[in-house]
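Welcome, and please open the model in your viewer. Keep the selection tool at hand as we go from stop to stop.

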Amino acid sequence: MATSILHTVPPREANPEARLPESDGKPMAETDTHRELMIDLLTALDEHFQSDPLVYVTGNIFLYYRDESDARQSISPDIFVVRGVEKKVRRIYNMDVERKAPDVVIELTSISTKMEDLGNKRFTYAYLGVKEYFIFDPLSETTGPALRGFRLEDGDYVPMSGTRLTSEVLGLDL
């Protein structure tokens with residue numbers, strides 16, 4: 001029996017999130033390496049959690065949240081995993097609806113994104129309560145180890161140590 005990869009999406013007017021943008025209008029400019037690694041990571045994580053209907057794995061979609069002033073903001077992690085949330089096709093991830101922050105975020109970094117990944121994104125993910133944050137530099141373009149991991153403790157990220165990092169949330173060595 002063949003499995004369908006096509007999913008029925010409700011009409012936009014029936015979707016309460018229909019007014020939230022799914023794109024910022026800018027073209028996605030990724031390197032071949034970035035795109036291929038993102039696909040490989042998504043596939044591996046999907047396969048790892050395939051039998052758990054309450055683990056949502058996605059990437060490169062808008063994650064909507066509210067900042068300290070209650071203004072709606074968005075960020076687009078390369079990869080994120082949320083435990084305790086229904087596995088289903090989404091156009092966006094809206095924390096007002098889902099009521100749950102991602103548990104793990106993985107960013108694929110480069111010279112051009114390093115400052116954002118270690119700066120604004122790191123602070124945003126900590127603010128949201130993302131338990132583990134990994135930054136991977138597949139081309140070793142930035143200073144430091146190719147893989148960095150951080151675990152949230154008391155509202156701030158503490159670096160993980162070692163060459164093989166263990167995600168307690170995912171139950172995987174990275």
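Here is a short tour, one selection at a time.

This is a predicted model, in which local features need pLDDT of at least 70 and side-chain atom pairs count only at pLDDT 80 or more, while totals for chains, interfaces and linings use all residues. Residues are numbered from 1 along each chain as its sequence is written, and side-chain values use heavy atoms, with hydrogens and water left out.

**Stop 1: the sheet.** Begin with the open sheet of six strands, whose order is S1-S4-S6-S7-S8-S9, with mixed pairing. Strands here are DSSP runs of E with at least two residues, helices are runs of H or I with at least four residues, and both are numbered from the N terminus. Two strands pair if DSSP finds at least two bridges between them. Now select 55-58 and 156-159: these are S1 and S9, the edge strands, and each has a single partner strand, so one side of each is left without a neighbour in the sheet.

Move on to S4 (residues 79-83) and S6 (residues 104-108), which pair in the antiparallel sense over three bridges. Show Phe80 and you will find that its bridge partner in S6 is Val105.

**Stop 2: helix H1.** Select residues 32-48. H1 packs on the sheet and touches S1, S4, S6 and strand S7 (132-136); touching, or contact, means heavy atoms within 4.5 Å.

Which residues of H1 are buried? Pick His34, Met38, Leu42 and Leu45; buried means under 20% relative accessible area, exposed over 50%, and partly exposed in between (1.4 Å probe, protein chains only). An α-helix has 3.6 residues a turn, so residues three or four places apart point the same way. Among the elements covering the buried residues of H1 is strand S11 (172-173).

**Stop 3: a buried lysine.** Go to Lys121 in helix H4 (residues 120-128). Is Lys121 buried or exposed? Lys121 counts as buried, at 13% relative accessibility. Leaving aside neighbours within four places in sequence, its contacts are Ile75, Ser76, Glu107, Glu116 and Tyr133.

**Stop 4: two loop residues.** Select Asp70, in the loop between strand S2 (63-66) and strand S3 (72-75). Asp70 is exposed, with a relative accessible area of 51%, and its phi is near 70 degrees, a positive value in a residue other than glycine. Finish at Arg99, in the loop between helix H2 (95-98) and S6. Arg99 is exposed at 67% relative accessible area, and its phi, near 65 degrees, is positive too.

Notes. Axes fitted to C-alpha atoms, helices over the stretch in contact; angles between N-to-C directions.
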